[in-house]
Amino acid sequence: MENKTQTEIQAETQTEAKTIRCLNCGKEFEGDFCPKCGQDAKTGRFTLRLIWENLITAIFGSYGGIWFTIKSMFTCPGKMMVEILGGKRRKYFSPFPMLLLVLTIFILVYSITGSRDYVQKAETAVEASKDSDDQVKYVAKKTISDALHFYNDNYTLCYLLTLPLLAIAARACFGRQNRKRYNGAEYIILLVYASVFVILYRILMSLAYLVSPDVSHKMIRALPLIIILAITACFGKAMGFGIGKTFLRSVLTFALYFLMIISLGFIALIITTLIQTGL
Ligand SMILES: [Zn+2]
């Protein structure tokens, strides 16, 4: 009898010892993480080691490693997209932080190397027609030059703003069956990873400008192909299409997206020209 009580007491103290009061929300619990707020049971005082770990987490993400994600993108993009859409996400770097990270690197590289000679070309064209009598032509050229300037200075903003257009184009081109399977947001996620490929290429392009402006200029011409290949890599397995069919649909997607941008740009051009010439 006495023996039993002792075991009971022992069991009780053991459970008490394992119960932790969450430092964040105050809930008492057993286990490695608080069931209410998710804070780690091992959370203690700040140490230099913890600060270091926080920094690394802030830069490289708390979920999947950035290098693992980039490696997966290049070795098995299709499998990676299927897993992410299917909910197997913890091992991968989240899409939007990933996009912002590569965009930040791109802006840094771009501002250092400053590969923007095609903007200057457009400006020279405007200068040349300054004395021309044709006011409408001058305003049109100036607007195109301003638009190019704006696009280059705000590449990130322009890109993010037109991402939904790209998703609409992809949804239209990848067929009715896939529109039922995936919603617009899931298309955007696939396109965000495809964009990471494209921005990595743009970083490479900007770096190439340091070595040779000519090479960088040639690389610009391949940009549409890179975009199409990036969409092909990210969409194929998720859509359940073969590589040829995916490539064709990616070409269509890009063409439709391009058409939408051009139409919007054209409408904007007409409106601004009309306003500026006072017609
Ligand atoms: Zn908690």
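**Close-up views of a predicted helical model**

**View 1. The end of helix α4 and its buried side.** Helix α4 is followed by G87, a residue with a positive phi, near 105°. The model shown here and in the other views is predicted. Within α4, the buried residues are P77, M80, M81 and I84. These residues lie on the same side of α4, because they cover an arc of only 95° around its axis. The cover over the buried residues of α4 includes α3 (66-75), α10 and α12.

**View 2. The protein chain as a whole, for orientation.** The protein chain holds 13 helices and two strands. Of its 279 residues, 19% are buried. When contacts between residues at least 6 apart in sequence are taken, 61% of them join residues at least 24 apart.

**View 3. The largest nonpolar core.** This core has 35 residues, and A170, L190, A194, V196, I231 and C234 are those with the most contacts inside it. Two or more residues of the core come from each of α4 (77-86), α5 (95-113), α8 (155-173), α10 (184-211), α12 (223-239) and α13 (243-277). Helix α12 gives the largest share, nine residues. In soluble globular proteins, nonpolar side chains tend to be buried together. One of the core residues with the most contacts inside it is I231. Apart from neighbours within four places in sequence, I231 is in contact with A194, S250, T253 and F254.

**View 4. The packing of α10 against α12.** The axes of α10 and α12 are 9 Å apart, and the two helices pack at an angle of about 145°. Their crossing is right-handed. From α10, the residues that take part are L190, Y193, A194, F197, V198 and Y201. They meet I226, I227, A230, I231, A233, C234, F235 and A238 of α12. Sorted by class, this contact of α10 with α12 has 14 nonpolar residues, with no polar and no charged ones.

View 5. A169 has its place in helix α8. Is A169 buried or exposed? A169 counts as buried because it has 23 C-beta neighbours inside 10 Å, and 20 or more are needed. Residues up to four places away in sequence aside, A169 touches T253, L256, Y257 and M260. F254 is 85 residues from A169 along the chain, yet the C-alpha atoms of the two are separated by 7.5 Å.

View 6. A208 lies in helix α10. A208 counts as partly exposed, because it has 18 C-beta neighbours inside 10 Å, and a buried residue needs 20 or more. Which residues is A208 in contact with, leaving aside its neighbours within four places in sequence? They are V215, S216 and M219. From A208 to M219 the distance is 8.7 Å, C-alpha to C-alpha, and the two residues are eleven apart in sequence.

Terms used
Residues are numbered from 1 along each chain as its sequence is written. This is a predicted model: local features need pLDDT of at least 70, side-chain atom pairs count only at pLDDT 80 or more; totals for chains, interfaces and linings use all residues. A nonpolar core is a set of buried Ala, Val, Leu, Ile, Met, Phe, Trp, Tyr and Cys residues joined through C-beta atoms within 7 Å. A residue is buried if 20 or more other C-beta atoms lie within 10 Å of its own, exposed if 12 or fewer, and partly exposed in between; C-beta atoms are placed from the backbone. Helices (H or I, at least four residues) and strands (E, at least two) are DSSP runs, numbered from the N terminus. Two residues are in contact if their C-beta atoms, placed from the backbone, lie within 7 Å. The arc is that of the directions from the helix axis to the C-beta atoms. Axes are lines fitted to C-alpha atoms, for helices over the stretch in contact, and angles run from 0 to 180 degrees between N-to-C directions. A crossing is left-handed if the near helix is turned anticlockwise from the far one by less than a right angle, and right-handed if clockwise. Ala, Val, Leu, Ile, Met, Phe, Trp, Tyr, Cys and Pro count as nonpolar, Asp, Glu, Lys and Arg as charged, and the others, Gly among them, as polar.
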